[in-house]
Amino acid sequence: MAATVIKQRVMLDEMDIRRLPNGSRILFSIKFVTQSGELRYFPLAYVCGLPWDVKSSRMRGIQPCDKFENATDHVYPVGIDNIILYNNMQVML
């Protein structure tokens, strides 16, 4: 079954919304290529801050987590052009 498609701009707009009105984090699945060229997939993750300007560097901080929003690994700095799938949708420019 082929994945549906999401525009990169729409994906980034969704990632900018960090929490729901009740205070819980917005969780998503993501597949991306790391800076070292490794393909990574997180079935659950959320966006978190990085210690530099993420918009000008075109990066987002991705924190893998469990279903209770507990962090399961370290924060990954991910280039927005290296994101392949977002919520099982193929990311297109």
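## Phe28 and its surroundings

Let's start with phenylalanine 28: beyond its neighbours within four places in sequence, this residue is in contact (heavy atoms within 4.5 Å) with Met15, Phe42, Pro43, Leu44, Ala45, Tyr46, Val47, Ile62, Tyr86 and Asn87. Phenylalanine 28 has a relative accessible area of 3%, so it is buried; buried means under 20% relative accessible area, exposed over 50% and partly exposed in between, with a 1.4 Å probe and protein chains only. Keep in mind that this is a predicted model: local features need pLDDT of at least 70, side-chain atom pairs count only at pLDDT 80 or more, and totals for chains, interfaces and linings use all residues. Residues are numbered from 1 along each chain as its sequence is written, and side-chain values use heavy atoms, with hydrogens and water left out.

Not counting residues up to four places away, serine 29 touches Tyr41, Phe42, Pro43, Leu85, Tyr86, Asn87 and Asn88.

## The nonpolar core

Phe28 is also among the residues with the most contacts inside the largest nonpolar core, along with Met11, Met15, Ile30, Ile62 and Ile83; this core has 17 residues. A core here is a set of buried Ala, Val, Leu, Ile, Met, Phe, Trp, Tyr and Cys residues joined through side-chain atoms within 4.5 Å. Two or more residues each come from helix H1 (8-16), strand S2 (28-33), strand S3 (39-48), strand S5 (76-79) and strand S6 (83-86). Those labels are DSSP runs numbered from the N terminus: helices are H or I with at least four residues, strands are E with at least two.

## Aromatic pairs

Rings of Phe, Tyr and Trp (its six-membered ring) pair if their centres lie within 6.5 Å; planes under 30 degrees apart are stacked, over 60 edge-to-face, and the rest tilted. The count comes to four aromatic pairs. In one of them, phenylalanine 28 and tyrosine 86 have ring centres 5.1 Å apart and planes at 40°, so the pair is tilted. Phenylalanine 28 belongs to S2 and tyrosine 86 to S6, so this pair ties together parts 58 residues apart in sequence. Tyrosine 86 is buried, with a relative accessible area of 2%.

Phenylalanine 32 and tyrosine 76 make an edge-to-face pair, at 6.1 Å centre to centre with 65° between the planes. Here S2 meets S5, so the pair ties together parts 44 residues apart in sequence. Phenylalanine 32 counts as buried at 1% relative accessibility, as does tyrosine 76 at 9%. Ring pairs link Phe32, Phe42 and Tyr76 into a cluster.

## The sheet

Now for the strands. Seven of them form an open sheet with mixed pairing, in the order S1-S7-S6-S2-S3-S4-S5; two strands pair if DSSP finds at least two bridges between them. Strand S1 (4-7) and S5 stand at the edges with a single partner strand each, so one side of each is left without a neighbour in the sheet.

S2 and S3 run antiparallel and are joined by five bridges, with alanine 45 in S3 as the bridge partner of phenylalanine 28. S1 and S7 run parallel, with four bridges; there, lysine 7 has methionine 92 in S7 as its bridge partner. S6 and S7 form a hairpin with two residues between them, and asparagine 87 in the turn has a positive phi of about 50°.
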